[in-house]
Amino acid sequence: AQAVGFDFTQHRSAHQRMLEDVRRIRDGLASGDYTCPEGESYVRCLMDCLIRHIKEDGKPLKAILDTHLYDFSP
């Protein structure tokens, strides 16, 4: 993303929001004050945070990266 000049400002904010969600879940678990929606496990709640980040917050990044060829091989 840096190589193609993607502005990470909004994505960094999205990372911060996701981190705040994870901390809220963690702190709630530690204090016993957090409950996930009925029928969901805590692992599922955390996984949902990550999936939401990838699917929603990652859309602008994916749109830019899809227009460029890139190779992750060493």
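**View 1. Contacts and overall form of the predicted chain.** Among contacts in the chain (heavy atoms within 4.5 Å) between residues at least 6 apart in sequence, 62% join residues at least 24 apart. This is a predicted model, in which local features need pLDDT of at least 70 and side-chain atom pairs count only at pLDDT 80 or more, while totals for chains, interfaces and linings use all residues. Residues are numbered from 1 along each chain as its sequence is written, and side-chain values use heavy atoms, with hydrogens and water left out. The secondary structure comes to 3 helices and 0 strands, where helices (H or I, at least four residues) and strands (E, at least two) are DSSP runs numbered from the N terminus. The radius of gyration of the chain, taken over C-alpha atoms, is 16 Å, well over the 11 Å that the globule rule (2.2 Å times the number of residues to the power 0.38) gives for 74 residues, so the chain is more spread out than a compact globule. Along its principal axes the C-alpha trace spans about 45 × 25 × 25 Å, and buried residues (under 20% relative accessible area, with exposed meaning over 50% and partly exposed in between, for a 1.4 Å probe and protein chains only) make up 16% of the 74 residues.

**View 2. Helix α1 and the residues that it buries.** Helix α1 has 23 residues and reaches 33 Å from its first C-alpha to its last, close to the 33 Å expected at 1.5 Å a residue, the expected span being 1.5 Å times one less than the number of residues in the helix. Its buried residues are H11, A14, I25 and G28, and these pack against α2 and α3 (59-65). Just after α1, G32 takes a positive phi of about 80°.

**View 3. The surroundings of H11 and F6.** H11 has its place in helix α1 (residues 9-31) and is buried, with a relative accessible area of 9%. Leaving aside residues up to four places away in sequence, H11 touches F6, H53, D57, G58 and L61. F6 is found in the segment before α1, and at 16% relative accessibility F6 also counts as buried. The C-alpha atoms of F6 and P60, which lie 54 residues apart along the chain, are separated by 9.2 Å.

**View 4. The two sides of helix α2.** Helix α2 (residues 42-57) has 16 residues and reaches 21 Å from its first C-alpha to its last, close to the 22 Å expected at 1.5 Å a residue. The buried residues of α2 are C45, C49 and H53. Seen down the axis of α2, these buried residues fall within an arc of 85° (taken from the directions from the helix axis to the C-beta atoms), so they line one face of the helix. What covers them includes α1, whereas the face of α2 turned away from its buried side carries the exposed residues V43, I54 and K55.

**View 5. The largest nonpolar core.** I25, Y34, C36, C45 and C49 make up the largest nonpolar core, 5 residues in all, a nonpolar core being a set of buried Ala, Val, Leu, Ile, Met, Phe, Trp, Tyr and Cys residues joined through side-chain atoms within 4.5 Å. Residues up to four places away in sequence not being counted, I25 touches Y34, C45, L46 and C49.
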